[in-house]
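Here is a short briefing to read alongside the model.

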Amino acid sequence: MIEIGNKAPEFTLMGDDGKEYSLSSFRGQKVLLYFYPKDNTPGCTKEACSLRDWKDEITKRGTVIIGVSRDGDKSHLKFREKYGLNFILLSDPEKTVHEAYGTWGEKKLYGKVSLGALRKTFLIDEEGNIEKIWNKVAVLTHGEDVVKYLDERKA
């Protein structure tokens, strides 16, 4: 299980723009790595739009936003275009990165238990260490919550 202070697991995944992205290529910047279940679903859309709306403020605080789900790059591209998302979406169809970050597991929906992607966000510092984990994400205010955290840690 990943905890605050741990080294963030390295990965290379395909982006919605057809390019490969590795976590190590963002060294020197903070990375907001958010995992979400599925493109174009109500909760995931609200979360993505919240991050979109707060992206400029997050970026001003030296942080890059990266979304990860099991959806393919074509699905991501449609999702990004439909909602004007202004950050990278990465595809993890084999769920290797989900498993490395502990974002694949048991979840309960309407009383039914199933395996699936868990909604979690990790703030990774400039050296590649886990600085903050959001295990419970408020989809409507996630972008604002990230900005508040980034501001509080400076104070």
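Strands pair here if DSSP finds at least two bridges between them; helices (H or I, at least four residues) and strands (E, at least two) are DSSP runs, numbered from the N terminus. This is a predicted model, in which local features need pLDDT of at least 70 and side-chain atom pairs count only at pLDDT 80 or more, while totals for chains, interfaces and linings use all residues. Residues are numbered from 1 along each chain as its sequence is written, and side-chain values use heavy atoms, with hydrogens and water left out.

- β8 covers residues 120-124, and five of its five residues are buried (buried means under 20% relative accessible area, exposed over 50%, partly exposed in between, with a 1.4 Å probe and protein chains only).
- Both faces are covered: Lys120, Phe122 and Ile124 are buried on one side, Thr121 and Leu123 on the other.
- Strand β3 (residues 30-35) also pairs with β8, in the antiparallel sense and over five bridges; there, Phe35 stands opposite Lys120.

**A cavity beside the hairpin residues**

- How many cavities of 30 Å³ or more does a search of the whole structure find? The search finds one, and the largest cavity has a volume of about 30 Å³.
- A cavity is a set of points, on a 1 Å grid over the protein atoms alone, where a 1.4 Å probe fits but cannot get out, and lining residues have an atom within 4 Å of a point. The volume is the space filled by probe spheres set on the points, which are joined across faces, edges and corners.
- The lining of the largest cavity includes Ile124, Asp125, Glu126 and Gly128, along with Leu23, Phe26, Arg27, Gln29 and Val31.
- By type, that lining divides into four nonpolar, two polar and three charged residues (Ala, Val, Leu, Ile, Met, Phe, Trp, Tyr, Cys and Pro count as nonpolar, Asp, Glu, Lys and Arg as charged, and the others, Gly among them, as polar).

- Strands β6 (residues 104-109) and β7 (residues 112-117) run antiparallel and are joined by six bridges; Gly105 has Gly116 in β7 as its bridge partner.
- Two residues lie between β6 and β7 in their hairpin, and Tyr110 in the turn has a positive phi of about 55°.

**Positive phi in loops**

- Most residues other than glycine have a negative phi.
- Asn40, in the loop between β3 and α1, has a positive phi near 60°; Asn40 counts as partly exposed because its relative accessible area is 36%.
- Lys95, in the loop between β5 (88-91) and α3 (96-101), has a positive phi near 55°; its relative accessible area is 22%, so Lys95 is partly exposed.

- Leaving aside neighbours within four places in sequence, Ser50 is in contact (heavy atoms within 4.5 Å) with Val139, Leu140, Thr141, His142, Gly143 and Glu144.
- A polar atom of the Ser50 side chain lies 2.8 Å from the backbone nitrogen of Gly143.

Notes. 1 Å grid on protein atoms, 1.4 Å probe; cavity = no way out; pocket = protein on both sides within 12 Å on 5 of 7 lines; lining within 4 Å. Polar contact = N/O pair within 3.5 Å; in protein donor to acceptor, adjacent residues only side chain to side chain.
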